[in-house]
Amino acid sequence: MWKAISQLLADQFGSYYTIKSKTPVAGGEMHQSWIIDDGNIPVFVKINDKSYRSMFRTEADQLELLAKSGIVRVPRVYALGCAENVSFILMESLDLQPIPPEKMAELAAQLATLHTSGGNQRYGFDYDTWLGPVYQPNSWAKNWSTFFSENRIGWQLQLCKEKNIHFGNFEDIISSVSFHLAKYQPTPALLHGAFYHNNMGICGNEIVLYDPACYWGDAECDLALADLFDDLSPEFYQAYNSINPIDKGYQQRKTLYQLYYLLNFSHRFRGQYIQQADEIIRLIG
């Protein structure tokens, strides 16, 4: 495997890539991760079973899409490959640090600009993606309430059921979510899709986003996820609003959008996420 990786990097960089060090990186939920180095160019490597190649391909395509926007900085993808019954993705290795408070306005401006970049009139994506290790269906829809209630909430409820986590009648919950969004038809925005502190950082003076779960949807979904873990600062909202004013009904919709992520976390991590999801379902019922 490492020989194949060296060859791919040699093709990328135009000279032979001799791996002089391999350092495992802890913290991944499903992949093995390493930083390899030839003494000149460090490379971040994610490795999994050969069947995960399509997942790595999807990640690479999303990063390329975000990079082509010219709005946000993402890690460069060097190559994808398979060898010895494993698949891998080779990416730019960046020394990422938490984003400091004084950079939050800049982050907000980038996100708002991405959300207003336009280019689509429907909700969904050209291909299905992943939210963490969980498959995320993105079938196109003209109606936002239909897309979100079925492709997001309904899908996660089914995954919870498969893990023996039950929140009530599927159809009743889906109908309730659809009802609350029935009169709301936002302009489709290109979403990062997994926009929270674990998937962003700063390298030098540049903000970097990674591990996307892209689709075209309501811009407020990105804000809702970030707000689920850490309240976004007034400076963030001021900068965001100056480019893409937030609709006055956001506070009511925020809990609906957070429900999607809480259901996802419920069958991945259980614990408090099940209780939080159940509270929202009871609230909207």
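The model is predicted, so local features need pLDDT of at least 70, side-chain atom pairs count only at pLDDT 80 or more, and totals for chains, interfaces and linings use all residues. Residues are numbered from 1 along each chain as its sequence is written, and side-chain values use heavy atoms, with hydrogens and water left out.

**Stop 1: a strand pair**

Select residues 21-25, strand β1, and residues 32-37, strand β2. Strands are DSSP runs of E with at least two residues, and helices are runs of H or I with at least four, numbered from the N terminus. The two strands run antiparallel and are joined by five bridges; strands pair if DSSP finds at least two bridges between them. Lys22 stands opposite Ile36 in β2. In the hairpin, six residues lie between the strands, and Gly27 takes a positive phi near 110°.

Next, select Ser33, which lies in β2. Ser33 is buried, with a relative accessible area of 10%. Buried means under 20% relative accessible area, exposed over 50%, and partly exposed in between, using a 1.4 Å probe and protein chains only. Leaving aside neighbours within four places in sequence, Ser33 is in contact (heavy atoms within 4.5 Å) with Thr23, Pro24, Val25, Phe44, Val45 and Lys46.

**Stop 2: two packed helices**

Select α6 (residues 220-229) and α8 (residues 250-269), which pack at an angle of about 70° with their axes 8 Å apart. The axes are lines fitted to C-alpha atoms over the stretch in contact, and angles run from 0 to 180 degrees between N-to-C directions. The helices are therefore roughly perpendicular to each other, a term for angles of 65 to 115 degrees. Residues that meet here include Cys221 and Leu225 in α6, and Tyr257 and Phe265 in α8.

**Stop 3: the nonpolar cores**

A nonpolar core is a set of buried Ala, Val, Leu, Ile, Met, Phe, Trp, Tyr and Cys residues joined through side-chain atoms within 4.5 Å. The largest has 73 residues, and Trp144 and Phe236 have the most contacts inside it. Helix α8 gives the most to this core, with nine residues. Apart from it lies another core of 15 residues, among them Ile19, Ile36, Ile47 and Ala83.

**Stop 4: Arg270**

Finally, select Arg270, in the loop between α8 and α9 (272-284). Arg270 is partly exposed, with a relative accessible area of 37%. Arg270 and Ile165 are 105 residues apart in sequence and 8.8 Å apart in space, C-alpha to C-alpha.

Conventions: Angles under 35 degrees count as roughly parallel, over 145 as roughly antiparallel, 65 to 115 as roughly perpendicular and the rest as oblique.
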